[in-house]
Amino acid sequence: DLWLCCNTLERDPYWDQSIRAGLNAVRPGGRFLLSVAGPGYAEHEVHSAPQEGYYRNLSVAEIASVLFGRMNLTFSFDAPSQPPDVRFWGSIKEDA
């Protein structure tokens, strides 16, 4: 399994719920990769948001706060300055 979520969550007012739902869909042993427009990324494509005009850059701390609540995954992240994206990747632990 692979859950791939690339630069869409900044347009999702329920981004934290979307992360949880995406991770719940991945079976043990599966992987995930997500990226979002981080702080400093210019607002763009707000017309494609589920709520017209919604746009919010997300920080490493905000994404990590959702992931830290999960005991069954391992993850890493980076946040380069150009482009100012926030990227997380990891895997769901196999059942013990």
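Buried here means under 20% relative accessible area and exposed over 50%, with partly exposed in between (1.4 Å probe, protein chains only). Helices (H or I, at least four residues) and strands (E, at least two) are DSSP runs, numbered from the N terminus.

Welcome to this structure, a predicted model in which local features need pLDDT of at least 70 and side-chain atom pairs count only at pLDDT 80 or more, while totals for chains, interfaces and linings use all residues. Residues are numbered from 1 along each chain as its sequence is written, and side-chain values use heavy atoms, leaving out hydrogens and water.

**Overall fold**

The protein has 2 helices and 4 strands, arranged along the sequence as β-α-β-α-β-β. Its radius of gyration, taken over C-alpha atoms, is 13 Å, close to the 12 Å that the globule rule (2.2 Å times the number of residues to the power 0.38) gives for 96 residues, so the protein is as compact as a globular protein of that length. The C-alpha trace spans about 45 × 25 × 20 Å along its principal axes. Of the 96 residues, 38% count as buried. Contact means heavy atoms within 4.5 Å; among contacts between residues at least 6 apart in sequence, 63% join residues at least 24 apart.

**The helix α1**

Buried residues in α1 are W15, I19, G22 and L23. They lie on the same side of α1, because they cover an arc of only 95 degrees around the axis, the arc being that of the directions from the helix axis to the C-beta atoms. N24 and A25 are exposed on the other side of α1. The cover over the buried residues of α1 includes β1, β2, α2, β3 and β4.

**The core**

A nonpolar core is a set of buried Ala, Val, Leu, Ile, Met, Phe, Trp, Tyr and Cys residues joined through side-chain atoms within 4.5 Å. The largest one has 21 residues, and I19, L34 and I63 have the most contacts inside it. Two or more residues come from each of β1 (2-6), α1 (15-25), β2 (31-37), α2 (60-67) and β4 (85-92). The largest share, 4 residues, belongs to α2. Leaving aside residues up to four places away in sequence, L34 touches W3, C5, L9, I63, V86, R87 and F88.

**Aromatic rings**

Rings of Phe, Tyr and Trp (its six-membered ring) pair if their centres lie within 6.5 Å; planes under 30 degrees apart count as stacked, over 60 as edge-to-face and the rest as tilted. The whole structure holds 3 aromatic pairs. One of them, F75 with F88, is tilted, at 5.7 Å centre to centre and 50 degrees between the planes. This pair links distant parts of the chain, with F75 in strand β3 and F88 in strand β4, 13 residues apart. Ring pairs join F68, F75, F77 and F88 into a cluster.

**Cysteines**

A disulfide is a pair of cysteine sulfur atoms within 2.5 Å, and the search of the whole structure finds 0 disulfides. The sulfur of C5 is 6.9 Å from the closest cysteine sulfur, in C6, which is too far for a bond.

| Residue | Relative accessibility | Class |
|---|---|---|
| C5 | 7% | buried |
| C6 | 42% | partly exposed |
| F75 | 23% | partly exposed |
| F88 | 0% | buried |

**Two backbone details**

Most residues other than glycine have a negative phi, and most peptide bonds are trans. N7 is not a glycine, yet has a positive phi of about 50 degrees; N7 sits in the loop between β1 and α1. The peptide bond from Q82 to P83 is cis, with omega near -10 degrees, and P83 lies in the loop between β3 (73-78) and β4.
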